Amino acid sequence: MSRAEDISAALLAQMLDAGAQRVTPDILQPAETLLDLYGEDIRARAYVTHDPALGEMMLRPDFTVPVVQAHMADGAEPARYAYSGAVFRKQSASRAREYLQVGYELFARDTAAQADAEVFALFARLLEGHALRPVTGDMGIVKAAVLGLSTTERRRAALLRHIWRPKRFRALLERMRGQGPLAADRAALVDRLRAAPVAELIAEAGPQLGLRGADEIAARVAALLEDASAAPIPDDQAQALEALLSLAAPARAALAQMRGMGWAAITPALDRLEARLAALDAKGINTETLPFEASFGRTNMEYYDGFVFGFLARDDLPPVATGGRYDALTAVLGQGRAIPAVGGVIRPDMLAALEDAQ
Amino acid sequence: MTLKLGVPSKGRLMEQSFDWFAARGLTLSRTGSAREYAGAVDGVDGVELVLLSASEIPRELAAGRIHLGVTGSDLVRETLPDWAASVAELAQMGFGHADLILAVPVTWVDVETLDDLDAAAAAFRARHGFRLRIATKYHRLVREHLRAHGVADYQLVDSQGATEGTIRNLTAEAVADITSTGETLRANHLKILKGAPVHQSQATLFASRLADWSDARAVLARVTSQLGIGQSDSIPPLL
């Protein structure tokens with residue numbers, strides 16, 4: 001066995017000791033669910049193959065989705081699961097295409113703060129002695145801040161949809177403040193759309209073609225005209241949001257700073273953060289020094305929607321471990337049923353490489 | 001020792017490549033019968049002409065089986081993952097211009113930019129239960145472009161030809177294809193999205209970073225000096 005496999009086996013054993021039940025999802029997963037969740041990004045990153053009977057299949061790019069599916073199908077509550085095995089990702093250049101993951105997932109209702117703290121404290125204990133830098137964040141606070149903007153429902157939804165794409169998010173926010181190139185393009189488009197009734201504009205343009213019907217075009221034109229008369233997002237709110245997104249401080253200090261912003265919309269989310277910090281304290285984590293970065297998890301961790309965390313060896317390498325809360329994902333995969341869930345994965349290959357480097 | 005130069009084996013791309021080299025004192029010619037893919041080079045010693053399909057030249061460069069090759073910059077970027085690690089651009093040759101663009105039906109009066117396409121894709125997915133389909137054969141270039149611009153809720157569907165017809169056939173809602181004049185698009189009642197194209201392609205002389213240059217380096221120096229292009233330090237071998 002390679003060193004990474006030894007580390008993997010030891011980590012899995014400790015997770016089972018912590019009360020988890022072992023699960024062993026198949027390597028071949030139906031592609032449809034993953035494609036529907038992640039779109040083209042996953043097609044670029046995952047190995048897709050074809051089965052004559054089952055259709056498009058994927059070499060599992062992660063364990064979370066099959067573990068959630070298995071739990072939604074026949075899991076008891078609360079439940080703790082652990083797993084280990086290879087995942088497969090297309091990579092540029094020299095990074096590993098096939099590497100091990102060991103993970104732990106906790107499904108439990110009504111005890112979010114305790115569940116978050118249990119998972120983080122377990123990972124902190126398992127990774128002790130590896131000289132890793134922990135980072136925490138909270139997508140729930142970011143979402144609450146967006147939902148608290150004084151603007152239309154449609155604009156808030158558009159911003160939420162792009163919360164994981166920081167560049168696009170910033171461009172949208174700029175447009176909604178009436179600034180930047182997108183705002184100029186939009187104003188010109190709205191002028192043209194005001195020139196005549198939409199049915200006339202469509203008829204003038206040419207013959208109707210394709211699946212997107214005239215009613216869909218008309219609906220978006222109506223939405224554009226309505227949006228054009230909405231007031232810009234106020235500067236002070238946009239600046240507060242930017243300040244929040246760039247916040248990086250020890251967790252307790254970060255909490256105090258965010259409380260100091262006096263922003264009522266994020267108060268419930270801050271209360272949840274405070275409860276989590278208390279639960280972490282109770283688990284022996286020093287929240288006076290624990291790093292908190294409000295934007296951590298905003299890129300390539302699309303399904304996390306609350307607490308997020310990572311353990312990093314170096315800033316230029318992928319994190320050795322990542323995790324977080326993904327309540328919304330269970331709702332999507334549960335087709336209406338949902339259960340709060342939090343979990344994370346460790347990459348034993350990276351731990352082995354760190355040992356070698358020492 | 002010889003340096004292998006790959007050039008498109010037929011059509012206007014071959015003729016224009018021959019003209020480009022001839023204007024710089026390197027005479028390329030086909031030898032044998034018109035159907036035989038063999039060639040000769042006059043003007044510099046030690047260069048062997050290899051006639052290949054333009055679409056195979058990126059792969060041959062990346063495999064190191066040819067040292068230099070002429071092909072479209074779109075093909076190199078589409079075919080080779082992390083292309084800049086496999087090949088270096090020596091010269092843009094000024095012909096074979098074509099833009100890779102995104103196009104939607106002209107009746108989409110509400111869609112002019114990628115910003116609009118993204119919003120339309122979100123509404124389309126909510127309405128139809130699947131992601132808005134974009135037909136193309138340039139998957140890598142289009143996906144990277146849309147990712148860089150933060151477009152979501154789309155999917156790429158493969159189309160190796162007659163891409164403009166996919167919308168009429170209800171197998172796609174939008175297309176991404178190569179165009180030089182836009183005539184085919186207009187004939188199919190499609191319009192190009194505003195803003196920079198996905199990629200502006202032209203015939204380009206590439207050098208392989210992965211070929212064996214141990215003996216060919218001296219020939220390369222003669223070729224680049226004859227062609228009047230600076231021999232960049234980034235040209236192989238770096239391995």
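Predicted model: local features only at pLDDT ≥ 70, side-chain atom pairs only at ≥ 80, totals over all residues.
How many residues does the contact take from chain B and from chain A?

1. The contact between the chains. Chain B gives 32 residues to the contact, and chain A gives 31 residues. On the side of chain B that touches chain A, at least two residues each come from helix H5 (114–128), helix H6 (139–148) and strand S9 (154–158) of chain B. H5(B) has the largest share of that side, with seven residues. Sorted by class, the side of chain B that touches chain A holds 16 nonpolar, five polar and eleven charged residues.

2. Domains of chain B. The domain assignment divides chain B into domain 1 (3–96 + 202–227) and domain 2 (98–200). The C-alpha centres of domain 1 and domain 2 of chain B are 32 Å apart. In the contact of these domains, four residues of domain 1 of chain B meet seven residues of domain 2 of chain B. On the side of domain 1 of chain B that touches domain 2 of chain B, there are no nonpolar residues, one polar residue and three charged residues.

3. A database annotation on chain B. An unreviewed UniProt entry lists residues 54–213 of chain B as "domain: ATP phosphoribosyltransferase catalytic". In the model, the C-alpha atoms at the ends of residues 54–213 of chain B are 22 Å apart. Helix accounts for 29% of this span of chain B, and strand for 29%.

4. Domains of chain A. For chain A the domain assignment gives domain 1 (1–132 + 335–358) and domain 2 (153–233). The centres of domain 1 and domain 2 of chain A, taken over C-alpha atoms, are separated by 39 Å.

5. Helices H8 and H9 of chain A. Two packed helices are described by the angle between their axes and the distance between the axes. Helix H8 (residues 166–176) and helix H9 (residues 180–194) of chain A pack at about 55°, and their axes are 7 Å apart. Because of that angle, H8(A) counts as oblique to H9(A). The crossing of H8(A) and H9(A) is right-handed. From H8(A), the residues involved are Ala171(A), Glu174(A) and Arg175(A); from H9(A), they are Gly180(A), Leu182(A), Ala183(A) and Arg186(A). This contact has three nonpolar, one polar and three charged residues.

6. Helices H6 and H7 of chain A. Helix H6 (residues 139–147) and helix H7 (residues 153–161) of chain A cross at roughly 155°, with axes that come within 9 Å. What does this angle make of H6(A) and H7(A)? Angles over 145 degrees count as roughly antiparallel, and H6(A) and H7(A) are therefore roughly antiparallel to each other. H6(A) passes H7(A) in a right-handed crossing. Lys143(A), Val146(A) and Leu147(A) of H6(A) make the contact with Arg156(A), Leu159(A) and Leu160(A) of H7(A). By class, the contact has four nonpolar, no polar and two charged residues.

7. Helices H13 and H14 of chain A. The axes of helix H13 (residues 251–260) and helix H14 (residues 267–282) of chain A come within 11 Å and cross at roughly 160°. H13(A) and H14(A) are therefore roughly antiparallel to each other. Their crossing is left-handed. H13(A) contributes Ala251(A), Arg252(A), Leu255(A), Met258(A) and Arg259(A) to the contact, while H14(A) contributes Leu270(A), Leu273(A), Glu274(A) and Leu277(A). The contact of H13(A) with H14(A) has six nonpolar, no polar and three charged residues.

Conventions
Residues numbered from 1 in each chain as written. Chains lettered and ligands numbered in written order. Domains from an automatic or database assignment. Contact = placed C-beta atoms within 7 Å. Helix = DSSP H or I, 4+ residues; strand = E, 2+ residues; numbered from the N terminus. Nonpolar A, V, L, I, M, F, W, Y, C, P; charged D, E, K, R; others polar. UniProt positions renumbered as here; feature names shortened; annotations may be inferred. Axes fitted to C-alpha atoms, helices over the stretch in contact; angles between N-to-C directions. Parallel < 35°, antiparallel > 145°, perpendicular 65-115°, else oblique. Left-handed = near helix turned anticlockwise from the far one by under 90°.
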